[in-house]
Amino acid sequence: MLQSNEVSSELIDLIYGSLFGECNWQDFLDRVAQTSPNGKAALHYHDLASPIAHVPYVSGFSRTEVDQFSSHFASVNPWIPRLSVVPVGQGVCGDEIFPRKDLLKSEFYNDWLKGQAGCETSIGVSIIREETRTFVLSTCTSSADPDFNKAATGRYTILAPHLKRAFDFIRKRDLLAPEKQATQTLFDSIGAGLIYVSEQGRARQWNRSAEAFVEAGFPVHIAPDGRLALQCETSAAVLDFLTSRKGVQTKPHTAIVKGKNKANYRITLVRLQSDAFTEFLEGPTVAVIIEPMITTPFNERRDFLMETYKLTATEIRIASSIASGRSPKEVAVADHISYETVQTHLRNIYSKLGVNSQVGLVALLMR
């Protein structure tokens, strides 16, 4: 039989193995559960602003037990309100923070802990404590032996700094992912703003173009608490939904909004597919894309186009918008004119420039 320090070393190896892909977090959690009699382990977090618990990673619990806990019994769990008095990183047994004689009389014990899970107490540790949330590793066990459970809390204390280091690494890795950096640069190259928004609408990362839009105050701004605010009420409601744990998306949300500078912008919201463990820590990630609907005309060529090709100011604006990748329908929406009117302008532009398609128009204006 493995000694306690050998078990701790094995679990630490599984933490780093899970972090670097040699195994997975389920392997770690399964092994944690095995360290206690009838052990049922979970990685979960509790939001103090909500009675609903979030328990995405479990070992040993049935789906019904998890659902019942999340939807009701977490709100009557006598241990959760007392977690705040236990230092982060210190392993603890439930009997140490709430008298066992009172636990045995509780709805939580009789209807869920003993009644459903067949357990007597829980051993756990707070890994990260934030303003409203606490991330916890815990194991319910049928052991009521105070000496055995006390020894187990020491193991959780040993694991805590390694788990925190792993969680911090995952968060930093997500923020500094090369593919995200490349995407931001790409959006900068076309003058589009890109903001990554996480749970509770907090802006986590943005490119230079988005920073310029935010500083100008249109069509978005970032509040002092870090939340992203959209001027479009519909888009703001969609963002609130997509950054919630229950938010799902079948296609991107797009809206045309007018900024404070009276210019039109296209706002696109896309919920990204995140690594499961990153989503556990950070919640969903939504990409907010901000694009000016009418790009600044080619200033250095404006006079040339007007004098040489006799294009009007309206035709130059429409031509530059098409050249920057807008569709005729998008130009119509942005300019508050009909699609047919845009097509008429395009025919006149083609005729004056001597081209016969949007491809020819783009090739001429971009060379």
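**Figure 1. Overall composition of the predicted model.** Of the contacts in the protein with a separation of 6 or more, 58% are between residues 24 or more positions apart; contact means heavy atoms within 4.5 Å. The protein has 16 helices and twelve strands, taken as DSSP runs (H or I of at least four residues for helices, E of at least two for strands) and numbered from the N terminus. Buried residues make up 50% of the 367 residues; buried means under 20% relative accessible area, exposed over 50% and partly exposed in between, with a 1.4 Å probe and protein chains only. The model is predicted: local features need pLDDT of at least 70, side-chain atom pairs count only at pLDDT 80 or more, and totals for chains, interfaces and linings use all residues. Residues are numbered from 1 along each chain as its sequence is written, and side-chain values use heavy atoms, with hydrogens and water left out.

**Figure 2. The open sheet β2-β1-β5-β4-β3.** Five strands form this sheet, and their pairing is antiparallel; two strands pair if DSSP finds at least two bridges between them. Strands of a sheet pair through backbone hydrogen bonds, either parallel or antiparallel. At the edges lie β2 (53-59) and β3 (92-93), each of which pairs on one side only. Strand β4 (residues 121-129) is joined to the antiparallel strand β5 (residues 133-141) by eight bridges. The bridge partner of G124 is S138 in β5. Helix α2 (residues 25-34) packs on the sheet and touches β1 (40-47), β2 and β5, its direction making about 80° with that of β2. Helix α3 (residues 63-71) also packs on the sheet, touching β1 and β2, and its direction makes about 160° with that of β2. For these angles, axes are lines fitted to C-alpha atoms, for helices over the stretch in contact, and values run from 0 to 180 degrees between N-to-C directions.

Figure 3. In α3, residues E65, V66, F69 and S70 are buried. These residues cover an arc of only 125° around the axis, which puts them on the same side of α3; the arc is that of the directions from the helix axis to the C-beta atoms. The face turned away from the buried side carries the exposed residues R63, T64 and S71. The cover over the buried residues of α3 includes β1, β2 and α6 (107-113). F69 has a relative accessible area of 9% and is therefore buried. Leaving aside neighbours within four places in sequence, F69 is in contact with H46, A53, V55, A74, N77, I80, F108 and W112. F69 and F108 are 39 residues apart in sequence, and their C-alpha atoms are 9.2 Å apart in space.

Figure 4. One aromatic cluster is formed by W25, F28, Y45, Y57, F135, F167 and F280. A search of the whole structure finds 13 aromatic pairs; rings of Phe, Tyr and Trp (its six-membered ring) pair if their centres lie within 6.5 Å, with planes under 30 degrees apart counted as stacked, over 60 as edge-to-face and the rest as tilted. The rings of W25 and F28 have centres 6.0 Å apart and planes at 90°, so this pair is edge-to-face. W25 and F28 are three residues apart in helix α2 and are therefore separated by about one helical turn; both W25 and F28 are buried. Y57 and F280 form an edge-to-face aromatic pair, with 5.7 Å centre to centre and 75° between the planes. This pair links distant parts of the chain, with Y57 in strand β2 and F280 in helix α11 (residues 276-282), 223 residues apart. Y57 and F280 are buried. The charged end of R133 sits over the ring of Y45, 5.1 Å from the ring centre; a charge sits over a ring if NZ of Lys or CZ of Arg is within 6 Å of the ring centre and within 35 degrees of the ring normal.

**Figure 5. The open sheet β7-β6-β12-β11-β10.** Five strands form this sheet, with antiparallel pairing. Its edge strands are β7 (202-206) and β10 (253-258), each pairing on one side only. Strand β6 (residues 193-198) pairs with strand β12 (residues 286-292) in the antiparallel sense over five bridges. Y196 has A287 in β12 as its bridge partner. Helix α9 (residues 208-216) packs on the sheet, touching β6, β7, β11 (264-271) and β12, and its direction makes about 85° with that of β6. Helix α10 (residues 233-242) lies across β6, β10, β11 and β12 and runs at about 15° to β11.
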